[in-house]
Amino acid sequence: DRRLVLWRLGPAGLLLGGSGLAAALGVMSPGRWRKGAEAATIPVRTVPADPRLPGAVVARGGGGRPAALVRAAVVRVGGMGRFVRPGETVLVKPNMAWDRTPEQGANTHPEIVAEVVRLCREARAGRVIVADVPVHDPARCAVSSGIEEAARQAGGDFIIPPQAGFVLAAIRGSVLERWEVFRPALEVDRLINVPVVKDHGLTRLTCGLKNLYGLLGGNRGQLHQRIHMSIADLAAAFRPTLTVVDATRVMMRGGPQGGRLEDIVPVGAVAAGTDPVALDAWGATLLGVDPRDIDHIVLAQGKGLGTLGAPLEEIHVGA
């Protein structure tokens, strides 16, 4: 439609207009688009499609046990052995951006992160890393979210800045050509994206596609000038092996950091699959938003990353 045509013409004008226009938009900064600088390649970590399996499923029930929902959803899309081979190194990427407790719903539920780590261990992964680049103080986020303790108890290694640094990487997107990426994201064999569904004041939704922002360093706020196209660029560059979506409790208002318990609605669901567009579209419906009105979902579909209208198979997990 006309709006998306204008969105697509924007990056072309940016590139053709030269560095002055880029700087004016707040996209360029030292070390981002350095001419001639060597940039690391982001590895391909997807698995082949299997027509016998659904692209995405949602599990409900489970007697209030998030781990049971994770296990059931992952089994239905082929089991963790489909996504992780023995000896491989896996990065589990939760949303751990905020100094908030699990009840406040701003971060991925720690029990969901822990179960993903356990499933990777059962698939005989050589190493499972849980990592994120928080917005709030990383050490405080690690503790208040409960994710560090849960990850370690499940057998994962936990990494936050400054424990690892950043590497200039080639994004090769319409807006993002190069950017500093958290080093663990470039050194693993598999990437499992584990976002939480919640409201976002700028993008209306944060789910799997937006969660990839947490792999970047630098001043990420500069990317807000072209936020939806930036999200689509990142999704096309990183392409998670598997996405596991936390919708056990959903922040309906006040996102992305929230804080008010009255803004949280218990949904009691976990979705998983290889179609990040379908999963984000499902997440949007939980917020009462038409996914076709969220530009980064539409743009990600246009990049061939998934299908906006794809239905999610629903399964019920006993108590």
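In this predicted model, helix α9 passes helix α11 in a right-handed crossing, a term that applies when the near helix is turned clockwise from the far one by less than a right angle. Helices here are DSSP runs of H or I with at least four residues, and strands are runs of E with at least two, numbered from the N terminus. Residues are numbered from 1 along each chain as its sequence is written. Because the model is predicted, local features need pLDDT of at least 70 and side-chain atom pairs count only at pLDDT 80 or more, while totals for chains, interfaces and linings use all residues; side-chain values use heavy atoms, without hydrogens and water.

Two packed helices are described by the angle between their axes and the distance between the axes. For α9 (residues 227–238) and α11 (residues 295–302), the axes come within 8 Å and cross at roughly 40°. These axes are lines fitted to C-alpha atoms over the stretch in contact, with angles running from 0 to 180 degrees between N-to-C directions. The two helices are therefore oblique to each other, the class left once angles under 35 degrees (roughly parallel), over 145 (roughly antiparallel) and 65 to 115 (roughly perpendicular) are set aside. On the α9 side, H228, M229, I231 and A232 meet D295, H296, L299 and A300 of α11, where contact means heavy atoms within 4.5 Å. The residues of this contact divide into 5 nonpolar, 2 polar and 1 charged.

Attention now turns to charged pairs. Side chains of opposite charge can pair when their charged atoms come close. The structure holds 19 salt bridges, each defined by a side-chain nitrogen of Lys or Arg within 4 Å of a carboxyl oxygen of Asp or Glu.

One of them joins D157 and R127, at 2.7 Å from N to O. D157 lies in strand β5 (residues 157–159) and R127 in strand β4 (residues 127–131), so this pair ties together parts that are 30 residues apart in sequence. D157 is partly exposed at 28% relative accessible area, and R127 is also classed as partly exposed, at 36%; this class lies between buried (under 20%) and exposed (over 50%), for a 1.4 Å probe and protein chains only.

In another pair, R85 and E88 have their closest N and O atoms 3.9 Å apart, and E88 is buried, with a relative accessible area of 12%. R260 and E262 meet at 3.4 Å, N to O; R260 is partly exposed at 47%, whereas E262 counts as exposed at 52%. Elsewhere, salt bridges with shared partners join R71, E115, R118 and E122 into one network.

Technical notes: Nonpolar A, V, L, I, M, F, W, Y, C, P; charged D, E, K, R; others polar.
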